[in-house]
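Work through the exercises below with the sequence and the model in view, and compare each step with the solution that follows the task.

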Amino acid sequence: MNTSTHKFTAAICIGRFQGLHFGQLAVIRRALLLAPRVVIFIGSAFQARTPKNPFTWEERVEMIRLALTAEEAGRVGFVPVRDYFDGQRWVAAVREGVRAQLGDLPAGQTVLVGHRKDATSEYLSDFPGWLLDDVGSQGDMHSSTLRDAFFGAAGEPLEPALAALVSQAPPSTLGFLRAWAQLPCYRELAAEWASLRAEHALWASAPYPPVFVTVDALIECAGHVLLIVRGRAPGKGLYALPGGFLEQRETVYQSALRELQEETGLHLLPGDIAHALKGVRVFDHPDRSQRGRVITHAHHFDLGARRLPEVSGSDDALSASWVPIGELAAMEDRFHDDHFHILDSFLGLTGA
């Protein structure tokens, strides 16, 4: 490697890489051409496995390493970054990751490498002070296309589906998918993918993309929070806050109390629950739900240091239980959608 040919000290790549394709590989190789050191940020880290985020961040690192030469892989560092569903916190986390990997580099020594393809590329404008190298279009390649073909092949021979992707993804990615399909979670996620696809089809003929309004209830009591385990897709088997869709003749507060009682059996006197309400926050990140555009109103109730009320899962909930707040941080990859981050917003689980 001749470092004198490099224009920058370090190059940064950011992506979810949920199915590495040739377009993403071109971005990484452009970064390797521009700088001797490359830091790749793996987005949507620590999420539960879903059809949108099926691979752990460690599996995605392996997918990328398999596509690189030994010399290239030796110059690359990886940093997982969670989806905070908060732009400022996310940008701060990326900048901190760069400092941890590279230290404080002089202005003009860091280049961000990427491609402005659609609304998902808006993050490229969030780092003033870093030069941007736009690699341009590499063709009509999307990780979502790979995942659709991959999960759509469940129950059928996998090889024809992989053969159709040879122009989209490197052989190492196809080999990784072939081996990964032997895991038990493959068929489970494929079933959820099919369920979501059917749900999206119901709205395909709507004149505008639908916007759903939901409610969630965060019940805090004696150092615990009340959680359910979801009984149906999406997110079947994952932890979540009690909640659901807003009904036509309800306020969001009324809806939150109804869903709470239906899913957990928790019933308190109206005066007690009203006194316990500490705040309501709206969570409306466009990517917070696999269902599509879902805006939720999260109600935070604190019941104080009283004895934990009895609860029992019902309706859409497979189970309901009180979980110590001190255990929540270690459960991040077991939560549905952004529910861990709703908890984090109220309870400060991941720090400032």
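**Exercise 1: a pocket lining**

The residues lining the second largest pocket divide into 7 nonpolar, 7 polar and 11 charged. The model is predicted, so local features need pLDDT of at least 70 and side-chain atom pairs pLDDT 80 or more, while totals for chains, interfaces and linings use all residues. Residues are numbered from 1 along each chain as its sequence is written, and side-chain values use heavy atoms, without hydrogens and water.

Task: state which residues lie nearest the centre of this pocket, and which elements give two or more residues to its lining.

Solution. Begin with the term: a pocket is an open set of points on a 1 Å grid over the protein atoms alone, where a 1.4 Å probe fits, with protein on both sides within 12 Å along at least five of seven lines, and lining residues have an atom within 4 Å of a point. Of the 25 lining residues, Arg230, Gly243, Gly244, Phe245 and Arg291 lie nearest the centre. The contributing elements are strands E6 (211–221), E7 (224–230), E9 (243–245) and E11 (293–302), together with helix H9 (252–264).

**Exercise 2: an open sheet**

Task: find the order of the strands in the open sheet of 5 strands, and its edge strands.

Solution. The order is E3-E2-E1-E4-E5, with parallel pairing, where two strands pair if DSSP finds at least two bridges between them. The edge strands, each pairing on one side only, are E3 (76–82) and E5 (131–134). Strand E4 (residues 110–114) is joined to E5 by 4 bridges, and Gly114 has Asp134 in E5 as its bridge partner.

Terms used:
Ala, Val, Leu, Ile, Met, Phe, Trp, Tyr, Cys and Pro count as nonpolar, Asp, Glu, Lys and Arg as charged, and the others, Gly among them, as polar.
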